[in-house]
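Please set out what can be said about the fold, the pocket and selected residues of this protein. The report below follows the structure shown here.

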Amino acid sequence: MSGGSDNPSEMSEDDDRPCPSDLTITVAAVKPRNCCFNAAAHGGVNGGAVAGSVAGADQVLENVLENVLCFLTDRRDRNSASLVSKSWYRTEALTRSEVFIGNCYAISPGRVTARFKRVNSVAIKGKPRFADFSLLPPDWGAHFTPWASVLGESYRGLEKLYLKRMSISDDDLVLLARCFPSFKELVLVCCEGFGTSGLAIVARDCRQIRVLDLIESDVSDDEVDWISYFPENKTCLESLTFDCVECPIDFDALERLVIRSPSLKRLSLNRFVSITQLYRLMVRAPQLTNLGTGSFGNLAVNDDSDPDYASAFAACKSVVCLSGFREIAPEYLPAIYPVCGNLTSLNFSFAANINTEQFKSVISRCHKLQVLWVFDSVCDEGLEAAAATCKDLREIRVFPIEAREDADAPVSEVGLLAISEGCRKLRSILYFCQRMTNAAVIAMSKNCPDLVVFRLCIMGRHLPDHVTGEPMDEGFGAIVKNCKKLTRLAVSGLLTDKAFSYIGQYGKLVRTLSVAFAGNSDLALKYVLEGCPKLQKLEIRDCPFGDLALRSGLHHYHNMRFLWLSSCRVTLQGCQEIARQLPRLVVEVIGREDEEGCKTGDHVNTLYMYRSLDGPRADVPSFVQIM
């Protein structure tokens, strides 16, 4: 985690990937240049001429390298390229147009802009993921303002900005609109701090905006009709997502905007748009490929008689991704049947009132489906229907209607087993349940060996295999043993240290590991930290891991993006020891907003450690102690 390298692009990575073979070949071409330089340095009467020819050769080589690197788009490959030599380091920086920062506190904005001069796309992540579960005080930080001011001065040609779990103010949005005349894409995921007045400025002043996506963000209602601020002439809009905006919009203004946006392909509406209004928009925009339906019900009793909704969906022949259904009226579900045959993605994760039979009537028509998000209200029978139909499924997420430990979840090992048997191409699964068996998990590891992401969330604490009463060790052990491509793993249920020994032994590609209510002792964490060389992100809550477990990762923390420990047995003294031994590691002890700082022997509430090139942050709130 510590900033051992002075290369800021490394701060954004999930893992360290080896240089591809083509880069190795190019490295060999650099060696003769160094030999020539040494000859010139020790040359006689022709030394100056040789040096001049070497300088020219260097320039030619850098020109060639610049043209080659323009075709290298993967950021991890670019990071590897930048480590080859000083020349590659300089040239890679000059040719990089996109920068991804995985932790906004891992590097200062100034260091980024000093290193990369020609950037037109920036992506920044802020708060750690456990902030989504109210495990982080709301005023912890991750403010975009320092970044906005520096980017505004250095990247006048910025076109794209992606922020996740950041606090962005209306003033920040005003600055974006003012400083970036070519600005085209703004995506805010799980962000907060801004409102409809800021969105109005973006809509009005960013005349070339193509993408404006607000995803699971908290948008305040400033009673500003932001939709009507878009220019009255033809727009460049290709994607407009505002399903998370919890305030009414001017539908007439939205309809006019859709008409003025012939390039619009993705449209996701909030719950204040009725199905009748959705019909009007679909008639105006049959070119849509991704559609978020809004409420999918009639919001007003004085709506006109229902039009032919099915015909509107039938006319949208390009729709391949369907979501929304925030306040669904199940009687309207047959309207989507005409597009089901073309769907590759279906998101029912807001459709809590869809029952098994209604879901089956839809899913039985989705033969091309690759991504499915659904509530557990569809029951095991619904998942069996999905498994029977969706043979090309690559990702499935099953969310709980009631996310409580004592809830009676309607899905179990039966649904998981059906998916594993019917969807052999599966790459990613998130599955919430209350009952599970080792046999079902082992079967999935054998039926779906290409799994990259496996997240099984057994909601009750320390729940064993509900048939045998045994810990779930063998199930998760089979996943890491048989799924050779696994990079992300979330474990739950009754797990002993044996499960973690399996992870350490076989999880050699695991980059992200999430653990809750598991393990017997410090040995469990020791297995993971010593056995998973690619581990980048480690999230742990409510486990019996203490200072000894924490110290076992001293050799590896400098390679990780972060470590999160909450409600474990780590003491303040243990955190201080880590900070002393790894001085370039930022060690934050996070308390509750209403409590005083920890004492030396106390167990800390939350430990958040991350690597940083620039040391501790400046905006430390009172409930955070930097060790």
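## Local residues and overall build

At 21% relative accessibility, aspartate 542 counts as partly exposed, where buried means under 20% relative accessible area, exposed over 50% and partly exposed in between, computed with a 1.4 Å probe on protein chains only. This is a predicted model, in which local features need pLDDT of at least 70 and side-chain atom pairs count only at pLDDT 80 or more, while totals for chains, interfaces and linings use all residues. Residues are numbered from 1 along each chain as its sequence is written, and side-chain values use heavy atoms, with hydrogens and water left out.

Aspartate 542 is found in the loop between β19 (537–541) and α20 (547–551), and its phi is positive, at about 55°, although the residue is not a glycine. Helices (H or I, at least four residues) and strands (E, at least two) are DSSP runs numbered from the N terminus. Serine 567 is also not a glycine and has a positive phi of about 55°; serine 567 is found in the loop between β20 (562–566) and α21 (572–581). The table lists the accessibility of several residues discussed in this report.

| Residue | Relative accessibility | Class |
|---|---|---|
| Threonine 356 | 12% | buried |
| Lysine 481 | 42% | partly exposed |
| Serine 567 | 38% | partly exposed |
| Cysteine 366 | 0% | buried |
| Cysteine 433 | 0% | buried |

The protein has 21 helices and 23 strands, and of its 627 residues 55% count as buried. Among contacts (heavy atoms within 4.5 Å) between residues at least 6 apart in sequence, 73% join residues at least 24 apart.

Tryptophan 373 lies in strand β13 (residues 371–375), and its C-alpha atom is separated by 8.4 Å from that of serine 345, which is 28 residues apart from it along the chain. When residues up to four places away in sequence are not counted, tryptophan 373 touches Leu346, Asn347, Phe348, Ser349, Glu395, Arg397 and Phe399. The side chains of tryptophan 373 and glutamate 395 are joined by a polar contact of 3.0 Å, a term for a pair of N or O atoms within 3.5 Å, of which, within protein, one must be able to donate a hydrogen and the other to accept it, and for which residues adjacent in sequence count only if both atoms are side-chain atoms.

Lysine 481 lies in helix α17 (residues 473–482), and its C-alpha atom and that of glycine 507, 26 residues apart along the chain, are separated by 7.3 Å.

## Two helices

Threonine 356 has its place in helix α13 (residues 356–363). A polar atom of the threonine 356 side chain lies 3.0 Å from the backbone oxygen of valine 378, and the residues that threonine 356 touches, not counting those up to four places away in sequence, are Ser377, Val378, Cys379, Glu381 and Gly382.

In helix α9 (residues 251–259), the buried residues include Phe251, Ala253, Leu254, Glu255, Leu257 and Val258. An α-helix has 3.6 residues a turn, so residues three or four places apart point the same way. Among the elements that cover the buried residues of α9 are β8 (239–241), β9 (266–269) and α10 (275–284). At the start of α9, a side-chain oxygen of aspartate 250 reaches to within 3.1 Å of the backbone nitrogen of aspartate 252.

## Cysteines

A search of the whole structure finds 0 disulfides, a disulfide being a pair of cysteine sulfur atoms within 2.5 Å. Cysteine 366 is in no disulfide, and the nearest cysteine sulfur, that of cysteine 340, is 4.1 Å away. For cysteine 433, the closest cysteine sulfur is in cysteine 457, at 8.3 Å, which is too far for a bond.

## The second largest pocket

About 370 Å³ of space lies in the second largest pocket. Of the 22 residues that line this pocket, Thr73, Ser97, Glu98, Val99 and Ser121 are the closest to its centre. The elements that give two or more residues to its lining are α3 (75–82), β1 (98–101), β2 (121–125), β3 (160–164) and β4 (185–189). On a 1 Å grid over the protein atoms alone, a pocket is an open set of points where a 1.4 Å probe fits, with protein on both sides within 12 Å along at least five of seven lines, and lining residues have an atom within 4 Å of a point. Grid points are joined across faces, edges and corners, and a volume is the space filled by probe spheres set on the points.
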